[in-house]
Amino acid sequence: QEPVLSPAARKMADEKGFNPTDIAGTGRGGRVTKEDVMRHAEQSPVAS
Amino acid sequence: MANQFDVVVIGAGPAGYVCAIRAAQLGLKTACIEKWSDDKGKTLLGGTCLNVGCIPSKALLDSSHKFVEAQKDFALHGIKHEGVEIDVPKMLARKDKIVKTLTTGVGGLFKANGVTLLEGAGKVLAAKQVELTKGDGSVEIIETANVVIATGSRPIDIPPAPVDNDLIVDSTGALEFSEVPKRLGVIGAGVIGLELGSVWGRLGSEVVVLEALDQFLAAADQQIAKESMKIYKKQGLDIRLGARVTGSEIRGKEVHVTYVDSEGNETSIVFDKLIVAVGRRPYTEALLAPGSGVNLDERGFIFVDDHCATDVPGVYAVGDVVRGPMLAHKGSEEGVMVAEIIAGQKAQMNYDLIPSVIYTHPEIAWVGKTEEEVKAEGSEYKVGTFPFAASGRALAANEKDGMVKVIADKVTDRILGVHVVGPSAAELVQQGVIAMEFAASSEDLALTIFSHPTLSEALHEAVLAVDGHAIHIANRKRR
């Protein structure tokens with residue numbers, strides 16, 4: 001199931017080419033926050 | 001003897017009545033005890049907030065603000081009139097009617113939800129018994145599985161200015177002046193002092209506010225506090241900081257007050273009425289029987305944990321009688337949490353995001369951390385501000401005083417605090433509260449569409465300013 005991303009998280013995930021389903025969301029109800037995308041970026045560096 | 005009730009709530013203020021309603025909604029057999037009654041012996045529900053606090057003060061703030069607008073601002077809009085007068089008794093009667101509607105409404109909600117109202121004074125005995133002393137002096141023991149103490153708070157008295165309910169009054173008396181005092185003194189430049197000082201100042205009193213602390217609105221963000229001080233001064237509120245009241249004397253129909261300023265100079269000043277608004281203290285008089293097992297902390301608050309549980313299993317305490325900000329919405333949410341815990345839910349309350357509001361005009365409101373707090377923690381942060389003077393909606397409404405300030409973490413961009421002085425400050429801050437509950441970044445709000453023209457856009461521009469992208473002001477150079 002597609003996770004819910006905050007607006008800033010959606011933008012950053014798109015910019016970095018992440019698949020939203022790969023990002024662990026820590027916001028209310030499992031929402032992916034901008035911080036979650038940053039953390040994901042640190043853990044799994046992707047060549048852009 | 002079997003329990004008569006699953007929950008007995010002592011006190012029907014915002015914490016107690018909300019707790020009772022929520023408990024009843026959850027299927028718990030609930031009673032609520034209230035001892036406050038009017039001069040005819042009719043029980044008054046709603047507590048301080050509805051009877052002598054939030055609601056009546058807002059009614060007078062709104063009426064008095066309209067008077068100021070009519071006097072000072074109508075001409076600006078091109079509205080001519082033949083002079084405006086105030087009818088203080090009528091203004092007070094309107095306030096009283098609103099209070100009556102709302103307090104009666106609480107009684108209606110109790111009935112609708114099946115909450116049993118017990119009229120009289122409640123005392124917590126040992127082993128989950130509550131003693132009810134009724135108006136006629138008769139005593140009844142009530143067995144209950146759970147007790148929720150919600151007995152609230154009272155104004156703090158200070159020895160240099162004892163309240164006589166005539167010339168020297170507390171906040172309750174200050175809502176009842178039958179005419180506008182010519183010279184009004186207020187001790188305490190906190191929320192209550194500023195609001196009551198504003199009401200009577202707008203109606204014509206010369207108001208002097210004496211504040212013992214050197215810092216204005218110490219709990220608020222100091223940039224906002226400074227901006228607010230400027231606006232109050234412009235409105236004619238004479239706020240004297242570092243002014244410690246040392247004595248008062250009633251001579252005829254006047255109160256002579258002496259205070260020492262921060263340089264140690266003693267000054268004497270004469271008022272027609274003096275309001276003592278230095279703070280509130282928890283109210284626990286005759287509440288706990290010896291051996292109840294419920295303990296107080298060193299400041300007289302009932303000692304509770306994060307879930308409002310006292311030292312006795314099954315006994316909880318909520319609202320002004322326990323630690324935390326003395327605000328109606330704080331008490332109510334604690335009431336909800338406790339009712340849900342009693343019903344077996346894992347309820348929690350987020351103490352980090354309780355908004356504060358001062359209902360002067362313009363309003364002051366905030367949530368989260370101030371710049372001073374963030375700085376003291378040592379974390380790196382970003383700040384965005386936006387003045388209402390640059391808001392089209394505010395200018396159309398002739399509301400150009402004030403600003404919005406947003407503080408965000410420099411690394412994660414998470415919003416840490418939202419601070420507003422200006423029109424609809426409380427509503428703008430509430431948007432920040434919702435965003436912060438969802439761990440929003442400043443960019444999240446920046447990417448959100450705000451209607452134009454609205455006051456809310458000032459929040460949008462402030463979050464844009466956090467990263468230097470505000471459209472309607474020149475941004476400070478960043479990189």
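The model is predicted, so local features need pLDDT of at least 70 and side-chain atom pairs count only at pLDDT 80 or more, while totals for chains, interfaces and linings use all residues. Residues are numbered from 1 along each chain as its sequence is written, chains are lettered from A and ligands numbered from 1 in the order in which they are written, and side-chain values use heavy atoms, with hydrogens and water left out.

## Chain A and its interface

Chain A has two helices and zero strands. Helices (H or I, at least four residues) and strands (E, at least two) are DSSP runs, numbered from the N terminus. Of the 48 residues in chain A, 38% count as buried. Buried means under 20% relative accessible area; exposed means over 50%, and partly exposed lies in between (1.4 Å probe, protein chains only). Among chain A contacts between residues at least 6 apart in sequence, 41% join residues at least 24 apart. A contact means heavy atoms within 4.5 Å.

Against chain B, 11 residues of chain A touch 12 residues of chain B. The two chains bury about 1000 Å² between them, and carbon and sulfur atoms give 52% of that. R28(A), K34(A) and E35(A) supply 48% of the area that chain A buries against chain B, more than any other three residues. Buried area is the accessible area (1.4 Å probe) that two parts lose on being put together, summed over both.

## Domains of chain B

Chain B is assigned domain 1 (4-154 + 281-351), domain 2 (168-278) and domain 3 (362-466). Such bounds come from an automatic or database domain assignment. The C-alpha centres of domain 2 and domain 3 of chain B are 30 Å apart. Their contact takes 13 residues from domain 2 of chain B and 15 residues from domain 3 of chain B. Together these domains of chain B bury about 1200 Å², with 63% of it on carbon and sulfur atoms. On the domain 2 side of chain B, D221(B), Q223(B) and I224(B) lose the most area to domain 3, together 44% of what that side buries.

Just after α7(B), G344(B) takes a positive phi of about 95°.

G204(B) follows α5(B) and has a positive phi, near 125°.

R202(B) is also a contact of H65(B), as is H361(B), not counting residues up to four places away in sequence. H65(B) sits in helix α3 (residues 54-73) of chain B. Its relative accessibility is 16%, so H65(B) counts as buried.

## Aromatic rings

Over all chains there are two aromatic pairs. Rings of Phe, Tyr and Trp (its six-membered ring) pair if their centres lie within 6.5 Å; planes under 30 degrees apart count as stacked, over 60 as edge-to-face and the rest as tilted.

The ring centres of F177(B) and W200(B) are 5.2 Å apart and their planes meet at 50°, so this pair is tilted. It links distant parts of the chain: F177(B) is in the loop between β8 (168-169) and β9 (183-187) of chain B, and W200(B) is in helix α5 (residues 191-202) of chain B, 23 residues apart. F177(B) and W200(B) are both buried.

The rings of F216(B) and Y232(B) have centres 6.0 Å apart and planes at 90°, so that pair is edge-to-face. F216(B) lies in the loop between β10 (206-210) and α6 (222-235) of chain B, while Y232(B) is in helix α6 of chain B, 16 residues apart. F216(B) and Y232(B) are both buried.

Charges also sit over rings. The cut-off is NZ of Lys or CZ of Arg within 6 Å of the ring centre and within 35 degrees of the ring normal. K29(B) lies over the face of F5(B), 4.9 Å from the ring centre. R154(B) lies over the face of Y283(B), at 4.0 Å from the ring centre.
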